[in-house]
Amino acid sequence: MKRDFHRAGNKVKQIQAEFGAYKTALDRHAIVAMTDRSGTIVFVNDLFCRISGFSRSELVGQKHSIVNSGLHPRQFFVDMWRTIAQGGLWHGEICNRSKDGSLYWVDTTIVPLLDPSGAGRGYVSIRYDITRRKAAEAALSAENEKRREAEALLRDILEAIPDAVAAFDSNDRLALCNDTFKRYYKDSAPVMELGVSFESILRFGVEHGQFNLAKNTPDGREAWIAARMREHRNPGKKVLQQLSDGRWLQVRERLSRTGYVVGVRSDITDLKQAELVIKRQAEHDPLTGLFNRSVLLERLADAVAASERTGRQGALMLVDLDDFKSVNDTLGHDAGDMLLVTVAQRIGGLLRKSDTVARLGGDEFAIVISHLSGVDDAIRIAEKILACVREPINIEHRRVNANCSVGVAMFPDDGGSSKELLKHADIALYHAKGRGRGISCFFDPTLRDSVERRQATGDALRTALAADEIDIALQPQVSLDHRGHVGFEALARWTLNGRQVPPGDFIPVAEDSGLIVPLGYRVLEKSMQVARLLRNLGYDPGPIAVNVAAAQLKQSGFAESVLALLRKLDLNASALEIELTENVLLDRSSDRISEALCELNDAGVAITLDDFGTGYASLSHLKRYPVSRLKIDQSFVREIQPDMCDAVIARTIISLAHNLKMTVVAEGVETEQQFRFLKAHGCDYAQGFLISRPIERLRIEDYFRPEVRIDENLTK
């Protein structure tokens, strides 16, 4: 018995020792507290005191509310007390507040404390400090929240970007894209799931007509896909894509640091359309819609290169409307524009799509025709062009009969460059105009020689003007009534290398080269100097008629410069007579010309209309301009017979002039019969070889000396 009691005592000691060990271990790592049934603290261990900051005396006798952080809602504790009051075990995480106000988290287990009878007499709580873990969890939660917010922001940004954005990972699979990406590639959208490969999206789009392909054939589609895959796998360059709905996308792809291919697609449809408009404006004539000179030169160069490769001939044709200026002058510029548009449409309708038609400016067109079998083909096409332009055109309820001339240069025979072919076609056109217009002319080297001579004449004339080598001769004019001297006509004279250059050779050159203005002023100046000289010698030369070109009259201040010359030489305005051809009156700048003529006429300078009846001037021009004298062209005088048509024209001009209070000069009078006819029909004045040949300026004084008046050696 005693032994059993001793054995039981040893067992109790062993249990107490083990319990002590457990308690020591628990006190070291756990926060332990005991409360009575009302929740009043009756025991706390040292770790509870350390973590709470309260002493044992401050805790014992207090409710656990002393460490309440206020973080948990009231219901939290209601639920906890309900559990433990019913004898259950409660486990949870509680945030407490220490004495210094800092918060700490504890993992808490509360169990009822029972007496030997099984009745509850209080509660034991075991807590573990999890503040660091909760802080880490809070930090992780905050980081996750930031990530969620960043992802949401990124998504918002992606969706707010007006461009399409997509990223593909290192395995070339879709990692993200915005809705705009799917909207741009709507035909490819059904397969745009995260993880799908770029090539799958691309092929699906091609198969369903997403893209506008240059060659929409099986081979063409595969070639396009292969090229796009190369671009995608080597990002960095801008790529343009035209979609089948007409939109244009600019694709810019970059490789990110993490190996993603990130691409941005921008809709540049408006920009491309603007570019096309600008390109069209830069390449097309705004009136006719035809190509302009720059495109012509490019197409011509390509055609010549192709001709040299294939051996097939081609042609460059220059088409120029004949007398287009008269349409503008008689019907107005709007009618002229309508004529140009109609001609452009007619020419374009004759040609193949592979041919090029351009408007070079004014009323001149150019045509590049490739793949001809020979010159006969070019002749046939040129004839068709001439015929289509000749067809009457109705403009503003009026029937207009147009005509044109065509100059043709064949390539590669007539030139190996665009510049050379244009030059040669222009030479051919010039000769077509010179041979009567309304025809075609093909280039050959003899035509070039003629043009080169003309250019040489222009260069020599420029040199002669600079060296003051242009002189004048004066052809006398007499009264048909008494054969007395009444005036002169001044004629330009040029001696080159000891040979007289006919005015018909160098005057047109001066007009074409822009030298007519200095040439005209030189003739005017020398004519007035002769007038001054003769007056100083006591002679009365009468008015000297000087031919003036439209280019001179259009110059600003022309009339003032003429009047200044007269003042400088102390001459009355009546010493000068301005002589015009009908073409001058038809010039586009007719208002400026009229203004200059009126200013001269108001000052006392007489205005004469030369070669009347040979041009296109109408009676309205005689009314509009201050003309006081008409000249009957020598072509009407040469064959004057009483019953001939020329005689009728001459009589009509004389009658018209007198009815308009004008005087009349007949030129080219060479026979007494002509002289008598003109006198009989009331013509006022005459000039021609019957009266005198033109007299050299330096020998004009001898004309007024009776003893040498009839010496033919004085005249030329």
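Hi everyone, thanks for coming. Please keep in mind that we are looking at a predicted model.

Let's start with the aromatic rings. A ring pair is described by how far apart the centres are and by the angle of the planes. How many aromatic pairs does the structure hold? The count is 12. One of them brings together phenylalanine 76 and tryptophan 90, in an edge-to-face arrangement with 5.8 Å centre to centre and 90° between the planes. This pair links distant parts of the chain, since phenylalanine 76 belongs to helix H4, residues 74-85, and tryptophan 90 to strand E3, residues 90-97. The two are 14 residues apart. Is tryptophan 90 buried or exposed? Tryptophan 90 counts as buried because its relative accessibility is 11%, under the 20% cut-off. Phenylalanine 76, at 23%, is partly exposed.

If you like groups of rings, have a look at Phe181, Tyr185, Phe211 and Trp224, which ring pairs link into a cluster.

Rings can have charged neighbours too. Over the face of tryptophan 105 you will find lysine 134, at 4.4 Å from the ring centre. Arginine 483 places its charged end over the ring of phenylalanine 675, 3.9 Å from the centre.

Let's stay with arginine 483 for a moment. Where does arginine 483 lie? It lies in the loop between strand E18 (470-479) and strand E19 (485-496). Its phi is positive, near 60°, and arginine 483 is a residue other than glycine. At 39% relative accessibility, arginine 483 counts as partly exposed.

Histidine 371 is another non-glycine with a positive phi, about 55° here. Histidine 371 is found in strand E13, residues 364-372, and is partly exposed, with a relative accessible area of 43%.

One more backbone detail: which residues does a cis peptide bond join? They are phenylalanine 411 and proline 412, with omega at about 10°. Proline 412 sits in the loop between strand E16 (404-411) and helix H14 (418-434).

On to empty space. Rolling a probe the size of a water molecule over the atoms shows where such space is left. I picked the second largest pocket, which has a volume of about 380 Å³. Of its 19 lining residues, the closest to the centre are His64, Ser65, Phe77, Met80 and Trp81. Which elements give two or more residues to this lining? They are H4, E3 and strand E5 (120-129). By residue type, the lining of the second largest pocket divides into nine nonpolar, eight polar and two charged.

Last stop, the cysteines. A disulfide is a covalent bond between the sulfur atoms of two cysteines. The count of disulfides here is zero. Why is cysteine 95 in no disulfide? The nearest cysteine sulfur, that of cysteine 49, is 19 Å away, and a disulfide would therefore need a pair of sulfurs within 2.5 Å. Cysteine 95 counts as buried, at 1% relative accessibility. Cysteine 598, at 27%, counts as partly exposed.

That's my tour; I'm happy to take questions.

Key
Residues are numbered from 1 along each chain as its sequence is written. This is a predicted model: local features need pLDDT of at least 70, side-chain atom pairs count only at pLDDT 80 or more; totals for chains, interfaces and linings use all residues. Side-chain values use heavy atoms; hydrogens and water are left out. Rings of Phe, Tyr and Trp (its six-membered ring) pair if their centres lie within 6.5 Å; planes under 30 degrees apart count as stacked, over 60 as edge-to-face and the rest as tilted. Helices (H or I, at least four residues) and strands (E, at least two) are DSSP runs, numbered from the N terminus. Buried means under 20% relative accessible area, exposed over 50%, partly exposed in between (1.4 Å probe, protein chains only). A charge sits over a ring if NZ of Lys or CZ of Arg is within 6 Å of the ring centre and within 35 degrees of the ring normal. On a 1 Å grid over the protein atoms alone, a cavity is a set of points where a 1.4 Å probe fits but cannot get out, and a pocket is an open set with protein on both sides within 12 Å along at least five of seven lines; lining residues have an atom within 4 Å of a point. Grid points are joined across faces, edges and corners, and a volume is the space filled by probe spheres set on the points. Ala, Val, Leu, Ile, Met, Phe, Trp, Tyr, Cys and Pro count as nonpolar, Asp, Glu, Lys and Arg as charged, and the others, Gly among them, as polar.
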